[in-house]
Amino acid sequence: MLQVVTSDNFTVGDSALFLSNDLDQEQIQFIKEYNKTVLSKGDNAPKITFQKINPTRYEVRVENATSPFFLVFSESYHPGWKVYIESKPFQFNEIIVEYDNTGVKEARQGMITPGDIYYFFKQAIAEDRHFLVNGYANAWYIDPKEVGKEDFTLTLYFLPQSYFYIGLIISGLAFLGCVGYLAFDWKRRRGAREPNKATES
């Protein structure tokens, strides 16, 4: 571990635990630098509102982000989870839960959207900003200066889901191609038989 923390101020809801066993040397150095340059200033954490769209996609609204922060996502760590910066704001459903002392709100779940395949072609936040945190979860280092604003929307998306969609499209096209070929072949054979019948009569 980077250091042992024993403090009455440490709470699970607003703290992140980075274990050295889960990080490479570059990530450890990055966390140490973050600790020196950002945490030492004591800036307030941004306000977060999130909405689960489906099990592979979440929308996150970030407000009042004045300094870099770690966005922690409590799903099992997987390199397939990606974060995308959205250019347009997302319309969130009604707020159903506010988590005490964290500045985090949860909106009512949305619907499945087949357009998620779009994320296969979109640029995600760099992979070196994705960390394993709390021994199991995902965390991303987000710098508002790189985003260019203090209020913005992020999408958390499980990219392997796009591979499933692409496979589904390819399978569908292959199926339609086979059906089309069989129909064409049947029509061609039927057309070949009809002239034979005409010559016999």
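Me: Is Lys-82 buried or exposed in this predicted model?
Reply: In this predicted model, the relative accessibility of Lys-82 is 16%. The cut-off for a buried residue is under 20%. Lys-82 therefore counts as buried.

Me: Which side chain meets that of Lys-82 in a salt bridge?
Reply: A salt bridge needs a side-chain nitrogen of Lys or Arg within 4 Å of a carboxyl oxygen of Asp or Glu. Here the N to O distance is 2.9 Å. The partner of Lys-82 is Glu-127.

Me: How many residues apart in sequence are the parts that Glu-127 and Lys-82 tie together?
Reply: Lys-82 lies in strand β4, residues 81–86. Glu-127 lies in the loop between β6 and β7. The pair therefore ties together parts whose separation in sequence is 45 residues.

Me: How does Glu-127 count: buried, exposed or partly exposed?
Reply: Buried means under 20% and exposed means over 50%, with partly exposed in between. The value for Glu-127 is 36% relative accessibility. Glu-127 therefore counts as partly exposed.

Me: Which residue forms a salt bridge with Arg-129?
Reply: The closest N and O atoms of this pair are 3.2 Å apart. Arg-129 sits in the loop between β6 and β7, and its partner is in helix α2, 17 residues apart. The partner is Glu-146.

Me: How far apart are the closest N and O atoms of Arg-61 and Glu-63?
Reply: Arg-61 is partly exposed, at 27% relative accessibility. Glu-63 is partly exposed too, at 29%. The two form a salt bridge, and the distance between their closest N and O atoms is 3.8 Å.

Conventions:
Residues are numbered from 1 along each chain as its sequence is written. This is a predicted model: local features need pLDDT of at least 70, side-chain atom pairs count only at pLDDT 80 or more; totals for chains, interfaces and linings use all residues. Side-chain values use heavy atoms; hydrogens and water are left out. Buried means under 20% relative accessible area, exposed over 50%, partly exposed in between (1.4 Å probe, protein chains only). Helices (H or I, at least four residues) and strands (E, at least two) are DSSP runs, numbered from the N terminus.
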